[in-house]
Amino acid sequence: QVKIMESGGNLVQPGGSLTLSCAVSGFVEHYYGAAWFRQAPGKEREVVACISSDEDNRYYADSAKGRFTVSRGIVKNVVYLQMNNLTIEDTATYFCAAAKVVCPRTENYYYGGALFGHWGQGTQVTVSS
C-alpha cells in the first residue's frame with residue numbers, strides 16, 4: 001500500500017525560504033515519479049515541480065523556475081521541495097503526489113493531477129508579513 005505524508009509547511013515572510021518534505025512508502029525499489037502540486041483558496045490545483053526516479057528528469061512550472069528545487073534524499077523514499085524567495089502568491093496548500101511514471105516535460109500532462117494516483121493530505125504554506 002502506497003502512503004504519502006508531507007511536512008514542513010509554515011508561516012514565512014516574503015523573501016524567505018522553506019523546505020517541504022514528502023515521505024513516500026510502498027513503491028517497489030523506489031521506482032516512482034513524485035510531484036508537488038499546490039492549491040490556493042478559490043484557485044485550481046496546479047503543478048509546481050516533479051522528479052523522476054532517476055533524478056535526472058525534473059520538471060518545474062514557470063512559477064517555480066529559478067526559485068524552487070525538487071530533489072530526492074539520500075534515503076530515496078523522501079522527496080524535498082526547497083523554496084526560496086517566497087512571495088505572497090506562493091501561499092497555498094502543497095500536496096505531494098506519486099505514481100509509476102516519468103515526469104512529463106509539458107504542463108498539460110499535469111493538468112488536474114490525474115496522472116498521479118497517490119496523494120498526501122497536504123501541508124499549508126503561508127507567506128505573509
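**Disulfides, charged pairs and nonpolar cores in the predicted model**

Cys22 and Cys96 form a disulfide in which the two sulfur atoms lie 2.0 Å apart. This bond joins distant parts of the chain, since Cys22 belongs to strand 3 (residues 18-25) and Cys96 to strand 9, 74 residues apart. The structure is a predicted model, and the distances and areas reported here are computed from it. The torsion about the S-S bond of Cys22 and Cys96 is about -80 degrees, so this disulfide is left-handed. Cys22 is buried, with a relative accessible area of 1%, and Cys96 is likewise buried, with a value of 0%.

The count of disulfides comes to two, and the other bond is formed by Cys50 and Cys103, whose sulfur atoms are 2.1 Å apart. Here too distant parts of the chain are linked, with Cys50 in strand 5 (residues 46-51) and Cys103 in the loop between strand 9 and strand 10 (118-119), 53 residues apart. The S-S torsion of Cys50 and Cys103 is about -75 degrees, so this disulfide is also left-handed. Cys50 has a relative accessible area of 0% and is buried, while Cys103, at 2% relative accessibility, also counts as buried. When the bonded cysteines of the protein chain are numbered in sequence order, the pairing is 1-3, 2-4.

Charged side chains were examined next. Side chains of opposite charge can pair when their charged atoms come close. A search of the whole structure finds four salt bridges, and a network of such bridges links Arg38, Glu46, Arg67 and Asp90.

Arg72, which is found in strand 7 (residues 68-72), presents another arrangement. Arg72 is buried yet has no salt bridge, and the nearest side chain of opposite charge, that of Glu55, is 5.2 Å away. A salt bridge requires a side-chain nitrogen of Lys or Arg within 4 Å of a carboxyl oxygen of Asp or Glu. The side chain of Arg72 does, however, reach the backbone oxygen of Tyr32 at 2.3 Å, and one of its polar atoms lies 3.2 Å from the backbone oxygen of Ser52. Leaving aside neighbours within four places in sequence, the residues in contact with Arg72 include His30, Ala34, Ile51, Glu55 and Tyr80.

Ser52 lies in the loop between strand 5 and strand 6 (58-60) and is buried, with a relative accessible area of 2%. When residues up to four places away in sequence are not counted, Ser52 touches Tyr32, Gly33, Asn57, Arg72, Val102 and Cys103.

The nonpolar interior was considered last. In soluble globular proteins, nonpolar side chains tend to be buried together. The largest nonpolar core holds 28 residues, of which Trp36, Leu81, Met83 and Tyr94 touch the most other members. The elements giving two or more residues to this core are strand 3, strand 4, strand 5, strand 7, strand 8, strand 9 and strand 11 (123-127). Leaving aside neighbours within four places in sequence, Leu81 is in contact with Leu18, Thr19, Leu20, Trp36, Val48, Ala49, Phe68, Thr69, Val70 and Tyr94. A second, separate core consists of eleven residues, among them Phe37, Ala97, Tyr110 and Phe116.

Notes:
Residues numbered from 1 in each chain as written. Predicted model: local features only at pLDDT ≥ 70, side-chain atom pairs only at ≥ 80, totals over all residues. Heavy atoms only, no water. Disulfide = S-S within 2.5 Å. Helix = DSSP H or I, 4+ residues; strand = E, 2+ residues; numbered from the N terminus. Buried < 20%, exposed > 50% of the residue type's maximum accessible area, 1.4 Å probe, protein only. Contact = heavy atoms within 4.5 Å. Lys, Arg positive; Asp, Glu negative; His and termini not counted. Polar contact = N/O pair within 3.5 Å; in protein donor to acceptor, adjacent residues only side chain to side chain. Core = buried A, V, L, I, M, F, W, Y, C linked by side-chain atoms within 4.5 Å.
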